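Here is a short walk through one structure. Keep the sequence and the 3D view open as you read.

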Amino acid sequence: MTPARSSYRAIREEISRRIASRVWLPGALIPGEEALSVEFGAARATVNRALRELAEAGLIERRRKAGTRVALHPVREARFVIPLVRQEIEARGAAYQYRLLSSETIKAPALIRARLGLAAEAQLRHVRALHLADRRPYQFEDRYIVLETVPAAKDADFTAIGPNEWLVESAPFTHAEFTFHADSAGAESELLNVEKGAPVFVGERITWLGERPITLVRMIHPSTYRMVTKL
């Protein structure tokens, strides 16, 4: 689908869409500036600006005389790396386990629509999962995936691999919002093996591909959780 407008933003969004929907796979060579200029009816300078922004976001790699390719690991240029829960746990020397608690395709609830700016008919994949370290609860994951942005998530099998790992590999993002706060354990207290009302550490993350939201996830940990990151 060619965008209706030939602005650099429209071109950037369409190329992002093709990468997210796996029309162009990681490592694939994409058409050059001249071919894209013809396709989109835009000046080469306009195409160049769109490609430059995508390269700065880490979605593509541009090399002189070698052409432009989809990045093999698109998230590596993000200012804050999306962590893999499995790697977090194993880095602590613990054994990792994963349990899928529930998974369904739903219409976006009003609160989620408001947070993500979605239309009333938007479809989401809602996944609830538990991550364990040495058989002890480590993180309760409550995630919504926007199927319009990541259509492959509709049929993804999350029984063996969690949505955290699947999205890092399958859904490149351009920017993200992180929120961290303390809270009191609610309905998830039994899953985390803590008393209801006990303090918990909560992380919320929203990622976008251009202007389109990818996922909103709420991650709840026991109060003993320590967050470590490297910049």
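This model is predicted. Strand 2 and strand 3 (residues 67–70) run antiparallel and are joined by four bridges. Find Arg62 here: it stands opposite Thr68 in strand 3.

Now bring in a helix.

Two packed helices are described by the angle between their axes and the distance between the axes. Take helix 2 (residues 33–40) as one partner. The axes of helix 2 and helix 3 come within 9 Å and cross at roughly 110 degrees. The two helices are therefore roughly perpendicular to each other. On the helix 2 side, the contact uses Glu33, Glu34, Leu36 and Ser37. On the helix 3 side, they meet Arg44, Val47, Asn48 and Leu51. By class, the residues of this contact divide into three nonpolar, two polar and three charged.

Turn next to helix 1 (residues 8–20) and helix 3 (residues 44–56). Their axes come within 8 Å and cross at roughly 50 degrees. Helix 1 and helix 3 are therefore oblique to each other. Their crossing is right-handed. Helix 1 brings Tyr8, Ile11, Arg12, Ile15 and Ser16 to the contact. Helix 3 answers with Thr46, Val47, Arg49, Ala50, Leu51, Glu53 and Leu54. The contact of helix 1 with helix 3 has seven nonpolar, two polar and three charged residues.

Helix 1 leads on to another sheet. Helix 1 lies across strand 8 and strand 9, running at about 120 degrees to strand 8. Both strands belong to an open sheet of six strands, in the order 4-5-6-9-8-7. The pairing in this sheet is antiparallel. Which strands stand at the edges? They are strand 4 (96–107) and strand 7. Each has a single partner strand, so one side of each is left without a neighbour in the sheet. From one strand to the next, the twist averages 15 degrees.

Strand 4 pairs with strand 5 (residues 123–133) in the antiparallel sense, over 11 bridges. Within this pair, Ser102 stands opposite Arg128 in strand 5. Helix 6 (residues 163–170) packs on the sheet. It touches strand 4, strand 5, strand 6 (136–146), strand 8 and strand 9. The direction of helix 6 makes about 50 degrees with that of strand 6.

Now look at strand 8 (residues 199–209). Is this strand mostly covered or mostly uncovered? It is mostly covered: nine of its 11 residues are buried. Strand 7 (residues 175–184) is joined to strand 8 by 10 bridges, and the two run antiparallel. Strand 8 is also joined to strand 9 (residues 212–222) by 10 bridges, again antiparallel. In that pair, Arg205 stands opposite Val217 in strand 9. Strand 8 and strand 9 form a hairpin with two residues between the strands. In this hairpin, Gly210 takes a positive phi near 65 degrees.

Two residues deserve a stop. Val200 lies in strand 8, where it is the bridge partner of Asp183. Val200 counts as buried because its relative accessibility is 4%. Val200 and Tyr225 are 25 residues apart in sequence, and 8.5 Å apart in space, C-alpha to C-alpha.

Arg218 is in strand 9. At 26% relative accessibility, Arg218 counts as partly exposed. Not counting residues up to four places away in sequence, Arg218 touches Phe140, Glu141, Asp142, His181, Asp183, Val202, Gly203 and Glu204. Ala55 sits 163 residues from Arg218 along the chain, and their C-alpha atoms are separated by 29 Å.

Terms used
Residues are numbered from 1 along each chain as its sequence is written. This is a predicted model: local features need pLDDT of at least 70, side-chain atom pairs count only at pLDDT 80 or more; totals for chains, interfaces and linings use all residues. Side-chain values use heavy atoms; hydrogens and water are left out. Axes are lines fitted to C-alpha atoms, for helices over the stretch in contact, and angles run from 0 to 180 degrees between N-to-C directions. Angles under 35 degrees count as roughly parallel, over 145 as roughly antiparallel, 65 to 115 as roughly perpendicular and the rest as oblique. A crossing is left-handed if the near helix is turned anticlockwise from the far one by less than a right angle, and right-handed if clockwise. Contact means heavy atoms within 4.5 Å. Ala, Val, Leu, Ile, Met, Phe, Trp, Tyr, Cys and Pro count as nonpolar, Asp, Glu, Lys and Arg as charged, and the others, Gly among them, as polar. Two strands pair if DSSP finds at least two bridges between them. Buried means under 20% relative accessible area, exposed over 50%, partly exposed in between (1.4 Å probe, protein chains only).
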